[in-house]
Structures are given as structure tokens and as C-alpha cells.
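Visitor: I would like to be taken through this structure step by step. Could we begin with the sheet and then turn to the helices?

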Amino acid sequence: SFGYYTAYAVIIYRTVYGELTLGDLTFLSGSFLRLRSLMEAILIRFSSIADSALYLRDLFDFLQMKPNIHSTVNSLPFPGKILKGFTFDNVGFRYPNSNQWVLRNISFTLMPGEKVALVGENGAGKTTLVKLLTRLYDPTEGRILLEGRDLRDYDLEGLRDAIGVIFQDYVKYHLTASENIAVGRISELKNEERIKESASRSLADSVIERLPDGYQQRIGRWFKRGTNLSGGEWQKIAIARAYMRDAQMLILDEPTASLDARAEHEVFKRFVELTIDKCAVLISHRFSTVRMADRIVVLHQGRLLEHGSHEELLASGGQYADLFQMQAAGYL
């Protein structure tokens, strides 16, 4: 600014003493004003680039991060068929830099073909247990065994390929209905028969048939001609991804929270029927669906409180019975 006003003073001085004409004064004044605006714009742009570079550095640092969980050097191939099941052997877990245990002293077995329901109040550790089973985390203490071997001994890619999971915070892809389902097994993107079969299993076929372009209809509002779905309809699409995966183990972590009671009952009934020869884990706060499981595991403050069938747990009169009776009382 000092140089700008100094230049102005010189021009005015020279004009007063006749060295410059009024036309020269007007021309030079306009030129200096425009030059100042351009310089300010350039400096603002450089400042913006410098600010953006800070975010780019964060991005590159993130891309260079290495996963903490990976396969061992001589990892075992994941078994083609699970014969002995998964065993939680005194498993405990706490997050890094935290002294609070999320899970502690968890021991039980998930047998082949068995349907196990995880029950407990919010924060009991149900979702964390599922994440340990899929090796999104590793136990802080204890072991998870598969076929008698530590789960960490198996190839990580093979493990995750053999498990289909739908978490409660599933992703809404603004793609076509067909592509949304095919995300569950992206290599089968063009397999229309498998996609439609998966939709039928999750009861999403009735939702898709009502769309203007059927399976080719883009869902979501990000793009033109996209149509939005209700929360319950999105959940049926998400569940279809798990069936699309056709994995040895299926895990449903409260994926039906937006469904009404009748729809949730139908979805879980179909889930039990279609996973007869598969390991399955389901999490739900509705006991009308939980009772369909072969065995129910009750967690409380990160510890295994009790487990057994619906009838056995009711007869024992423990926390499961209390929670069941409280929920049932709300319908009377």
C-alpha cells in the first residue's frame, strides 16, 4: 500500500508541474488501480493454495499409513468349509491409549451352522465383539480360535472374503439399485441373476420393482433422475449386499433399526432360513427376533453375563429374562 500511494503522489506531483497531462494522470491512475486489484487477487490465491496444501499434507500422510492389522508371513489359507467353528478364549479388548476395558474375560464357541444372537444394553460391547471376529481389531488379551488355530494365523484377505457383515451404520451408495447390491461381491457386478436372487432374499425385490427403472434406477439424490428411499428400504438394499457375498459367515449388526416390527420379523425369519448351513451372528434390541437364534449371548458392561437358548434364559430368571419382560410389558 505504501508503494501504491507513493506512486500516486509522484504522478500527481509531475502532473502539477506540467510533466504529465490530465489524460496521462487518468490513464496511470486507472492502471495502478487495476494493477493493485490483480496483485491482491494473486496474493489471496497464493494464501488459499498455502491453506489447501496443509490439507493435502494430511491426505498424503493418511495414504502413506500402514495398517496395524495384516497377515503374517506364512499365513494359513482360510478353510473352504468351517468344521469346528470359532472359539473366544478369555478374550479382552481395550482401545489404544485407554485404560478402560471394552470387553473382558469373554469365552464361548460359535459352532458351524449355529445362529448366535448378541444381546445387551448400549455400550455392552456387542459391536466390538463382532469387529474382533472380523479382525477389524485384534484382542488385547486372550485369543479367538478358528478350527483350533489362532485367527491371526489365517490370511486376512481370505478371512474377510469369507464373512459378510452389515453394520448398523451401513453406507448408502448413490448408484443404481443393481450396483448397490453388487457392492457386496463386486466381481459379480454383471451377474444379474445373482443380484436379483440376493434382493429376493432380503425382501428388497419388492422395493426395487416399484422403482421407475427397476434395477437400473439410480437411488439417492446426488445425481439427476435419482430417487430417494426410506430408511427401511435402504436397509433392505444393504442386507441384500450380505446375501450377495454368499459368505460362510453372516453378521447382522442391528441393520433393521428403521424397519417396522413386522418387516424386521420377516427379514430375520428369512435370515434364519437362508443360513441353515452357515455360521451367523445377529444383534438386535427386539427380543421377538432374537428368540429365533439357536443361542443367545448376553453381554453386560463388557462381560459375558449368561448364554443359552431363549427358553433356558427365561427359566434362569437373569438379566435376559428381566429385559425380555420389560419389553413385553410395553405391548400389554
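**Sheet and helices**

Guide: Strand 4 (residues 141-146) and strand 5 pair in the antiparallel sense over 2 bridges. Two strands pair if DSSP finds at least two bridges between them. Helices (H or I, at least four residues) and strands (E, at least two) are DSSP runs, numbered from the N terminus.

Visitor: What kind of model is this, and how are residues numbered?
Guide: This is a predicted model, in which local features need pLDDT of at least 70 and side-chain atom pairs count only at pLDDT 80 or more, while totals for chains, interfaces and linings use all residues. Residues are numbered from 1 along each chain as its sequence is written, and side-chain values use heavy atoms, leaving out hydrogens and water.

Visitor: Which residue is the bridge partner of Leu146 in strand 5?
Guide: The partner of Leu146 is Arg149. The hairpin of strand 4 and strand 5 has 2 residues between the strands, and Glu147 takes a positive phi near 55 degrees there.

Visitor: What is the order of the strands in the sheet?
Guide: The sheet is open, with 4 strands in the order 2-1-4-5 and antiparallel pairing. Its edge strands are strand 2 (103-110) and strand 5 (149-150), each pairing on one side only.

Visitor: Over how many bridges do strand 1 and strand 4 pair?
Guide: Strand 1 and strand 4 pair over 5 bridges, in the antiparallel sense. Thr87 has Leu145 of strand 4 as its bridge partner.

Visitor: What follows helix 8?
Guide: Asp246 follows helix 8, and its phi is positive, near 50 degrees.

Visitor: At what angle do helix 6 and helix 8 cross?
Guide: The axes of helix 6 (residues 192-202) and helix 8 cross at roughly 125 degrees and come within 8 Å. Axes are lines fitted to C-alpha atoms, for helices over the stretch in contact, and angles run from 0 to 180 degrees between N-to-C directions.

Visitor: Which residues make that contact?
Guide: Contact means heavy atoms within 4.5 Å. Those involved include Arg194, Ile195 and Ser198 of helix 6, and Lys236, Ile239 and Ala240 of helix 8.
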